[in-house]
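Please look over the notes below with the model open. They cover helix packing and one surface feature.

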Amino acid sequence: MRDWIEGDNINYDYILRYIRDTLPQREGLLLEMEKYAEENSVPISQPESIRFLEIIIKIANAKRILEVGSAIGYSAIRMSRAAEGEVTTIELSEEMADIAEENIKKAGLSDKIRLIRGDAREILPQIDGEFDLIFVDAAKGQYAEFFKESRRLLKKGGIMVSDNVLYKGMTATDELLVHRKITLVRRLRAYLEMLKENKDFSTALIPIGDGVALSFKKI
Ligand code: SAH
Ligand code: MG
């Protein structure tokens, strides 16, 4: 069952190739960043997932965006450009944050993207303001903890996008589940169950990239 899975992706290779061929070509800094991520195993989100995110941002006219997990700043830059708005992004790793800062500067977006260094579990409770969209793309075992704060930070009618929730398909079936990921996958399943049961949110699970949960805050 595993042979059709390429990296952190849950779709058939031929579907993936086809979708990726339809994506706008990246160039310059973005292309360099994609190469850097590949060569250094930085888990930036899949290009089709980022495309999806850009379109959601445009449909929702999201201008104030919060991201949990910046890595090298790739998705933050893409989201900031798509929104023509402001992104606040949180990164735990000092090394990643240094690279992200450099990339944000190169992109000319230092005044549009605010990078906060630290553990989002500590940073989120200190953040104020209302966000139109929150992109959750950090440690998968911590999504439920992030949610305690991000639900407060999201405006009514706001959107939360949680990335990698199907985790190579392991969330959906024990057939793919590898032993060392059992705790993580249990947490992801509990997170999705919690979103499903949450009366304040409507959630759709989208089988794109590594699985995306798209949640709408009703109140
Ligand atoms: N959103 C990025 C990829 C993020 S990869 C993109 O698509 O371009 C996940 C990142 O989350 C890693 O860099 C990791 O260091 C960071 N991270 C993990 N747990 C975190 C936490 N609790 N708080 C902040 N960042 C965290
Ligand atoms: Mg991701």
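1. Helices (H or I, at least four residues) and strands (E, at least two) are DSSP runs, numbered from the N terminus. Y12 lies in the segment before α1 (13-22).

2. This is a predicted model, in which local features need pLDDT of at least 70, side-chain atom pairs count only at pLDDT 80 or more, and totals for chains, interfaces and linings use all residues. Residues are numbered from 1 along each chain as its sequence is written, and side-chain values use heavy atoms, with hydrogens and water left out.

3. Y12 is partly exposed, at a relative accessible area of 44%. Buried means under 20% relative accessible area, exposed over 50%, and partly exposed in between (1.4 Å probe, protein chains only). Together with Y14 and I15, Y12 makes a nonpolar surface patch of about 320 Å².

4. Helix α4 (residues 74-83) has 9 of its 10 residues buried, so it is largely enclosed by the rest of the structure. Among the buried residues are Y74, I77, R78 and M79. E84 follows α4 and has a positive phi, near 50°.

5. The axes of α2 and α4 come within 10 Å and cross at roughly 155°. That makes α2 roughly antiparallel to α4 (angles over 145 degrees).

Notes: Chains lettered and ligands numbered in written order. Patch = residues over 30% accessible without salt bridge, like charges linked within 9 Å, V, L, I, M, F, W, Y side chains within 5 Å. Areas by Shrake-Rupley, 256 points an atom, 1.4 Å probe, with all protein chains shown as cover. Salt bridge = Lys/Arg side-chain N within 4 Å of Asp/Glu carboxyl O. Axes fitted to C-alpha atoms, helices over the stretch in contact; angles between N-to-C directions. Parallel < 35°, antiparallel > 145°, perpendicular 65-115°, else oblique.
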